[in-house]
Amino acid sequence: MSEVFLNQARLSQRWQVSPRTLERWRWQGEGPAFVKIGGRVVYRLADVESYEAARRCESTLQSTALRAMQ
């Protein structure tokens, strides 16, 4: 089974953030892990889903604590 990758445009659509936000996150060391091949940046779907799961909150209190850890 081959891995599924999302390019920057697809991930920005998935999360409804601008591609520039993803670029800034990469520069700042935030966001999900990425793969850079030549000048192309892609995100493994498994890494994106793991990143999403790690940020899943069930209350505002959890959300506030998560932001404080970043």
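Let's start with Glu23 and Arg20, which form a salt bridge whose closest N and O atoms are 2.8 Å apart (a salt bridge being a side-chain nitrogen of Lys or Arg within 4 Å of a carboxyl oxygen of Asp or Glu). Both residues lie in helix α2, three residues apart, about one turn of the helix. Helices here are DSSP runs of H or I with at least four residues, strands are runs of E with at least two, and both are numbered from the N terminus. Glu23 is partly exposed, at 28% relative accessible area, while Arg20 is exposed, at 62%. For those words the cut-offs are under 20% relative accessible area for buried, over 50% for exposed, and partly exposed in between, with a 1.4 Å probe and protein chains only.

A word on what you're looking at: this is a predicted model, where local features need pLDDT of at least 70 and side-chain atom pairs count only at pLDDT 80 or more, while totals for chains, interfaces and linings use all residues. Residues are numbered from 1 along each chain as its sequence is written, and side-chain values use heavy atoms, with hydrogens and water left out.

Now for the overall layout. The protein has four helices and three strands, and along the sequence they follow the pattern β-α-α-β-β-α-α. Of its 70 residues, 23% count as buried. The protein exposes about 5,400 Å², and carbon and sulfur atoms supply 51% of that; the areas come from the Shrake-Rupley method with a 1.4 Å probe, and for residues only the protein chains shown count as cover. Take the contacts (heavy atoms within 4.5 Å) between residues at least 6 apart in sequence: 43% of them join residues at least 24 apart.

Back to the charges. A search of the whole structure finds four salt bridges. One of them pairs Arg44 with Glu3, with the closest N and O atoms 3.2 Å apart. That pair links distant parts of the chain, as Arg44 is in strand β3 (residues 40–44) and Glu3 is in the segment before β1 (5–7), 41 residues away. Arg44 is partly exposed at 27% relative accessible area, and Glu3 is partly exposed as well, at 46%. Salt bridges that share partners join Glu3, Arg44 and Asp47 into one network.

Glu52 and Arg14 also meet in a salt bridge, at 2.9 Å from N to O. Glu52 sits in helix α3 (residues 45–54) and Arg14 in helix α1, so this pair ties together parts that are 38 residues apart in sequence. Glu52 counts as partly exposed at 27% relative accessibility, and so does Arg14 at 39%.

What about Arg26, buried or exposed? Arg26 is buried and has no salt bridge; the nearest side chain of opposite charge is Glu23, 4.7 Å away. (Lys and Arg count as positive, Asp and Glu as negative; His and the chain ends are not counted.) Arg26 is placed in helix α2, and it lies over the face of Phe34, 5.7 Å from the ring centre. Being over a ring requires NZ of Lys or CZ of Arg within 6 Å of the ring centre and within 35 degrees of the ring normal. Beyond neighbours within four places in sequence, Arg26 is in contact with Gln8, Phe34, Val41 and Tyr43.

That brings us to the rings. The structure holds three aromatic pairs; rings of Phe, Tyr and Trp (its six-membered ring) pair if their centres lie within 6.5 Å, with planes under 30 degrees apart counted as stacked, over 60 as edge-to-face and the rest as tilted. Trp15 and Trp25 make a tilted pair, 6.2 Å centre to centre with 55° between the planes. Trp15 lies in helix α1 (residues 8–15) and Trp25 in helix α2 (residues 19–28), so the pair ties together parts ten residues apart in sequence. Both Trp15 and Trp25 are buried.

Trp15, Trp25 and Tyr51 form one aromatic cluster. Tyr51 lies in helix α3 and counts as buried at 17% relative accessibility. Leaving aside neighbours within four places in sequence, Tyr51 is in contact with Trp15, Gly31 and Pro32. Tyr51 and Gly31 are 20 residues apart in sequence, with 7.4 Å between their C-alpha atoms. Finally, Arg55 lies over the face of Tyr51, at 3.6 Å from the ring centre.
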